[in-house]
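Let's work through some aromatic rings together.

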Amino acid sequence: MQTPYELLGGEEKIRELANAFYDAMDRLPQAAGIRQMHGENLDVIKEKLFEYLSGWMGGPPLYFNNHNTICLTAPHKPFAIKAEHRDQWLLCMDQALEEVGASDEVRAMLKEPMFQLADIVRNTPD
């Protein structure tokens, strides 16, 4: 069975996905809540998401290699993250997957794991 990393098209497509994700966050009014949690320039965080998704989807563990961790909760601690923010994140990821041409198979494969990934950083009751 191929990994999502392979099914999406490897490094180039994962980088494209990370960029599309933050581009969606930047332009979608429905994502304003999570957009305001980020600085004006998104270049560094785009790279970090690319690194994280690379390993998470079955490719090279770039985030771990560069940051010596895969912990998502620590970097998100300074922010009050609610279910609405999780849902905004998922909206941006759905948009990004569509923009990079992810197949229905890949989207279905990632649906529940992406929800769990987004939900794990939620740290504020609704």
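Buried means under 20% relative accessible area, exposed means over 50%, and partly exposed is in between (1.4 Å probe, protein chains only). The model is predicted, so local features need pLDDT of at least 70, side-chain atom pairs count only at pLDDT 80 or more, and totals for chains, interfaces and linings use all residues. Residues are numbered from 1 along each chain as its sequence is written, and side-chain values use heavy atoms, with hydrogens and water left out.

**Exercise 1.** Classify the pair Tyr-52 and Tyr-63: what do their ring planes make it?

Step 1: rings of Phe, Tyr and Trp (its six-membered ring) pair if their centres lie within 6.5 Å; planes under 30 degrees apart are stacked, over 60 edge-to-face, the rest tilted.
Step 2: the centres of Tyr-52 and Tyr-63 are 5.5 Å apart with planes at 75 degrees, so call it edge-to-face.
Step 3: Tyr-52 has a relative accessible area of 12%, so it's buried; Tyr-63, at 11%, is buried too.

**Exercise 2.** Now do Phe-21 and Trp-89, and work out which helices they link.

Step 1: a search of the whole structure turns up 3 aromatic pairs.
Step 2: in this one, the ring centres of Phe-21 and Trp-89 sit 5.1 Å apart and the planes are at 50 degrees, so the pair is tilted.
Step 3: Phe-21 belongs to helix H2 (residues 11-27) and Trp-89 to helix H7 (residues 83-99), 68 residues apart. Helices (H or I, at least four residues) and strands (E, at least two) are DSSP runs, numbered from the N terminus.
Step 4: Phe-21 is buried at 0% relative accessible area, and Trp-89 is buried at 17%.
Step 5: Phe-21, Tyr-22 and Trp-89 make up one aromatic cluster.
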